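I opened this entry to record what I looked up, element by element. The structure goes in first, my notes after.

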Amino acid sequence: MKETRDSIADIWGERQPYFGEWSVRIDERISEEPDKWVHSACVLCSNGCGLEIGVKDNKIVGVRGRANSPVSQGRLGPKGLHSWVANNSDDRLTKPLIRRNGKLEEATWDEAMNLIVQKSKDIVEQHTSSAIGFYTTGQLFLEEYYALGILGKAGLGTPHMDGNTRLCTATAAAALKLSFGSDGQPGSYTDLDVTEAILHVGHNIASQQTVLWMRILDRLAGPNPPKIVVIDPRETFTAKKATVHLAPRAGTNVPVLNGLLNLIIQAGQIDKEFIQAHTNGFEELKKIVSKWTPEKVEELSGIPAQKLRAAAEILGSCNTLVTTALQGVYQSMQATEAAVQINNLHLIRGLIGREGCGIYQMNGQPSAQNTRECGADGDLPGFRNWGNPEHINELARLWNVDPTIIPHWAPPTHAMQIFRYCHQGSIKMLWISCTNPAVSMPNLSATRKILEKEDLFVVVQDAFMTETAKRADVVLPAAIWGEKTGCFTNVDRTVHLSLKAVNPPGEAKSDFDIFLDYSNRMGFQDKDGAPLIKWKTPEEAFEGWKECSRGRPCDYSGMSYQKLQEKGDIQWPCNEKYPEGTHHLYTDGVFNTSVDYCETYGHDMVTGAAITPEDYKAHDPKGKAIIRAADYRPPHEVPDAQYPLWLTTGRVVYHFHTRTKTGRSKELQEAAPDAFVQINEADAAKYGITEGEMVRVESRRGHVEAPAQIGDIEPGLIFIPFHYGYWDDSERTRAANELTIAEWDAVSKQPHFKYAAVRMHKADSTMGRIGDVTAKVVENIKEKLSL
Amino acid sequence: MHVATYIGMVHSAEMQLSKALKMVAVKHIDEPDTEHVCKLLASWSEQHEQGLLPFIEKYSEDRSSPEPKRLQSLFKETRTGSMGMLRDLHDLWLLTQEVSICWKVILQAARGLRDKELESACQEFQAQTERQALWMLTRIKQAAPQTLLVA
């Protein structure tokens, strides 16, 4: 293996201090010299670093960064440099499988697709299309989501479509919609090159977006380094570099952010003119946050008052500010409310719509933005508003279908509700593409039971035999990145083209081809009897998507495959007005909130109730941003005598999701081979636990066993990474989501992975053995009562 | 003066609503979103009951008249599953309408009495009752097609 740097030992590589321009550094890792390099970008996080795929004899032999990628300037992180080996893995799925007599057996594509089509038709005839659901991902390409969105919404006409983006970035979308009228990140990554200050909220950027963190590290190594404020309960890589690190107790994001807003308002560090001209709702915010004095925040969150003041001093005095948020906000109690307070910080200070001022309500996955844009999740294509009949008519005209086929009588069903309907039996067929709910959903024992239900027909489309695929009725072998062509869009709206470099293994097909095949076999038609989906290639689908996005905030109409390949990556909107794309949204202070244009009429942030069109019209913000205040509500499950500790879950730098790819790279797997239970030194002493010792953690829903890792975490809190399931080790119960709570944010419907009450003890202690026996007895009783 | 009559009516209705919300929270515990929102909305009704106390002291309350027939029929049957959930949400929504109209009636009286405190209490509580109703309506709209067509 030839590599330009050892990204396992030195995650971020050498510094290239920033002097007026972020330099190019081409990171490369190849197993042998390629015959050719193929244009693509990395899919191992949401950053979207431009790269080229090295190919020799129809085999991927490596990757190297692309210099014409403004996102990364040639750099690649450890996951990107290593995970391509998964494409060549021996255990790829190469043939369709059908469950016969309880066992998955090889079948032809005709047999598998005909079975799915027959099932679909039977179910629609007996129960309507509302008995069919789709659960997709944040890792397919734009063209694939758009195909799925059309066949689901205008072919079948089912309201039950969502993605695993519900688990990861639904709150980002919800918060952007509530504050600015539509999804879409206001800022650009280039803001990091010039900003005076950076705020990371619940976002361990150093681990999650390693290349974006390199950009910050390079600023820190140069002149005029930015000041960094980090809000995170753990002493993460990111927190270690902070000017001020605030470590709040679980569930206290809203009080902490309210406390910061209050100090800034009290100090008069607000942009009154901007507030007056471009926002609604400031007075209510001022009223609500006024009671969150530093002392009161300290009492609840444990953050010392003087530290909060120090953070507010930075955030209140900087002339430019970049804020990022991720799962520490989105997967916590009051997720949307906290994410909206971040938007409020920028609004009241007027730090938006110009260079150096960015809000990144981050995504976790490479194409989560596209799931949201293209209508493959609980949103409509082109950020259209399901409550606005004219938006539905636009889609109907575009697809040449009757508007009534498109479900819009209520919000599209979110993932957690889809699984609930499966559990109840009213969804009878669930089609899962490119995601692994058997490890990633909360409360796994319940999820597994749903997937194993006799009366639920489960289709799984994947590249590997995942924990979910094992429970499917039909498994469709899918081509992955490098084996198919398509576009995807990162957090700062940068669109990449990823070209097919090699053929997929065996009979595996691209998700695009599978969806089109299904649509054709189902005989979905438009009003004139022509096929509903008329394209044959991803490029034709992209042209179709350009029309769908035209005139909407995510306007792709000025792009083409050729332009993306020749010029490199482009930020939407890209149209006649902005042929080169757009760095910043809202440069004129006009937001997407007008009643006819907005993506949503909004929600009551506390209850999640949908605001009626009439009510929204009555207070039409007409392009002003909406400042929404939030007060504190305690988490629904808190530590008690029985379960005295907090659990939080998350990620490690070397793995992505359920490790379907990263776990197949020898180096990444060796760097982070197993789950662990991270605890504070004081808790370790209290429980008599030493480093590396096997620990058992129990919640009201299940238990996990993993070795202890001591330090860099607040007392009373336990951290377990969620990556580790059972496909490569089924000996031990180790998936963090055995413990988590199946409940979700009222607005974004994102589950609360970041808190649960748990107890802990040594695995081989008497308590551990009693726990084992008790769990088995309870499980037996439950089974007998068929709970 | 019949202000006491309506104060009694709104008091009873709020109590019935908070009780019903708590019952639904427990009964449909398998619907995770419903449990916590119902508990929260119940606490709002309890706050309204508390907020009513000074006005009961001021105007007294008359709870002698029997519960209106329209309320007696609510939550009388044992209902389970998706249809039970929908019917329970339906009854909750009807209850909020009773509460809401009571507050509107008292609001008018408060204006006639030039009682600023009662006026603002009525406005605040009525607005919060509308938020309760809006949540129920949102949830009903989501559940109705699935329940009637498939479940």
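I count a residue as buried if 20 or more other C-beta atoms lie within 10 Å of its own. The model is predicted, so I keep to local features with pLDDT of at least 70.

**Helix H5 of chain A**

I started with helix H5 of chain A, residues 170-180. How many of its residues are buried? I get 11 of 11, so by the cut-off of 20 the helix is mostly covered. The list runs A:Ala170, A:Thr171, A:Ala172, A:Ala173, A:Ala174, A:Ala175, A:Leu176, A:Lys177, A:Leu178, A:Ser179 and A:Phe180. I noted that A:Lys177 is among the buried residues.

What covers them? From chain A I find, among others, helices H4 (165-168), H15 (327-330), H16 (335-348) and H17 (368-374). Strands S15 (358-361) and S22 (625-626) of chain A are also included. Just after H5(A), I see A:Gly181 with a positive phi of about 95°.

**Strands of chain A**

Next I traced an open sheet of 5 strands in chain A, ordered S1-S2-S5-S4-S3, with antiparallel pairing. I followed S1(A) to S2(A), residues 28-30, and found 2 bridges in the antiparallel sense. There, A:Glu3 stands opposite A:Arg29.

I then moved to strand S6 of chain A, residues 97-100. It is joined to S7(A), residues 103-106, by 4 antiparallel bridges. The two form a hairpin with 2 residues between them. In the turn, A:Asn101 has a positive phi of about 50°. S6(A) also pairs with S18(A), residues 474-477, antiparallel over 2 bridges. I checked A:Ile98 against both partners: it stands opposite A:Glu105 in S7(A) and opposite A:Val474 in S18(A).

**A helix pair in chain B**

In chain B I looked at H2 (residues 32-59) and H5 (residues 116-149). They pack at about 165°, with axes 11 Å apart. Because that angle is over 145 degrees, I call H2(B) roughly antiparallel to H5(B). The crossing is left-handed.

Which residues meet? From H2(B) I list B:Val37, B:Leu41, B:Trp44, B:His48, B:Gly51 and B:Phe55. From H5(B) I list B:Leu118, B:Ala121, B:Phe125, B:Gln128, B:Gln132 and B:Trp135. By class, this contact has 8 nonpolar, 4 polar and no charged residues.

**Between the chains**

Last, I checked the contact of the two chains: 20 residues come from chain A and 16 from chain B.

How values were computed:
Residues are numbered from 1 along each chain as its sequence is written. Chains are lettered from A and ligands numbered from 1 in the order in which they are written. This is a predicted model: local features need pLDDT of at least 70, side-chain atom pairs count only at pLDDT 80 or more; totals for chains, interfaces and linings use all residues. Two residues are in contact if their C-beta atoms, placed from the backbone, lie within 7 Å. A residue is buried if 20 or more other C-beta atoms lie within 10 Å of its own, exposed if 12 or fewer, and partly exposed in between; C-beta atoms are placed from the backbone. Two strands pair if DSSP finds at least two bridges between them. Axes are lines fitted to C-alpha atoms, for helices over the stretch in contact, and angles run from 0 to 180 degrees between N-to-C directions. Angles under 35 degrees count as roughly parallel, over 145 as roughly antiparallel, 65 to 115 as roughly perpendicular and the rest as oblique. A crossing is left-handed if the near helix is turned anticlockwise from the far one by less than a right angle, and right-handed if clockwise. Ala, Val, Leu, Ile, Met, Phe, Trp, Tyr, Cys and Pro count as nonpolar, Asp, Glu, Lys and Arg as charged, and the others, Gly among them, as polar.
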